[in-house]
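Please look over the sequence and model first.

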Amino acid sequence: MSGVAGPVGTRARVALVLVSHSQRLAQGAVELSAQMAPGVLLLAAGGTDDGGLGTSYDRVSGAIEEALRVADGVVVLADLGSAVMTVESVLDLEDGFDGRVLLADAPFVEGAVAAAVTAHGGGDVAEVLASAEHAGGTFAVPAAAPEAGEEHAADGAPPAGEARAVVTLRNPLGLHARPAAVLARLVAGFDASVAIDGVNGASVLELMKLGATGGQELTVTGEGPQAADAVRAVVEAVEGGFGEV
């Protein structure tokens, strides 16, 4: 199967299959997502059997079967309506896919990146699916998010398990795709909810949406049992410059 990225020889929790009318588009989405989440198995199922534009039942079913040989579950993303129909046909007609393979109603590229980062963080198939589908609304204008602990200002006593820090971006390019993915994967590994300038620190797309540039200050807040450790880890990663300084 062409367009494969991810670990070999290890059992994965979730793999992704990316279905496109174009073989190059599917392979490109795999390549991009693999840069964000290098520990995830991603398979491209693009184009027809003769290399033309379109989708192939056999390519889709073959990619899913290959993914299930090394993963407990599979999330599939498709680019256009007829690709969705091909995937649905495969899921309806093939035995052994039920419950373990889910088709995401999500934007192809953004959904693939978000799903891959969540899978890299150890999410199960339902969590990876939700991440992909949430990506469709990521670039809507968000409501202002209160900082952690703001609702407790009246009594002046912050709750246990809360942390806050301010850190300056040192890398000149700021939170572009790779550093955003590094932070999202980092945050996902802690038992804490972390916000960076008011957006979900575990979402690579929300972090990229900030458009934060070099020299900009970021406010990092966390709540939960590992809030202090999570905030400290984010600060250390930002101060380290993501290998770009």
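The protein has 8 helices and 9 strands, where helices (H or I, at least four residues) and strands (E, at least two) are DSSP runs numbered from the N terminus. The model is predicted: local features need pLDDT of at least 70 and side-chain atom pairs count only at pLDDT 80 or more, while totals for chains, interfaces and linings use all residues. Residues are numbered from 1 along each chain as its sequence is written, and side-chain values use heavy atoms, with hydrogens and water left out.

Whole chain
- Of its 245 residues, 44% are buried (under 20% relative accessible area, 1.4 Å probe, protein chains only).
- Among contacts (heavy atoms within 4.5 Å) with a separation of 6 or more, 78% are between residues 24 or more positions apart.

Strand S4 and its partners
- Strand S4 (residues 71-78) is largely enclosed by the rest of the structure, because 7 of its 8 residues are buried.
- S4 runs parallel to strand S2 (residues 12-20), joined by 7 bridges; strands pair if DSSP finds at least two bridges between them.
- Val74 in S4 has Ala15 opposite.
- S4 also runs parallel to strand S5 (residues 101-103), through 3 bridges.
- Val75 has Leu102 in S5 as its bridge partner.
- From S4 the chain passes through helix H3 (residues 81-93) to S5 in a right-handed β-α-β crossover, meaning that, with the strands pointing away from the viewer, the path from the first strand over the helix to the second runs clockwise.

Notes. Buried < 20%, exposed > 50% of the residue type's maximum accessible area, 1.4 Å probe, protein only.
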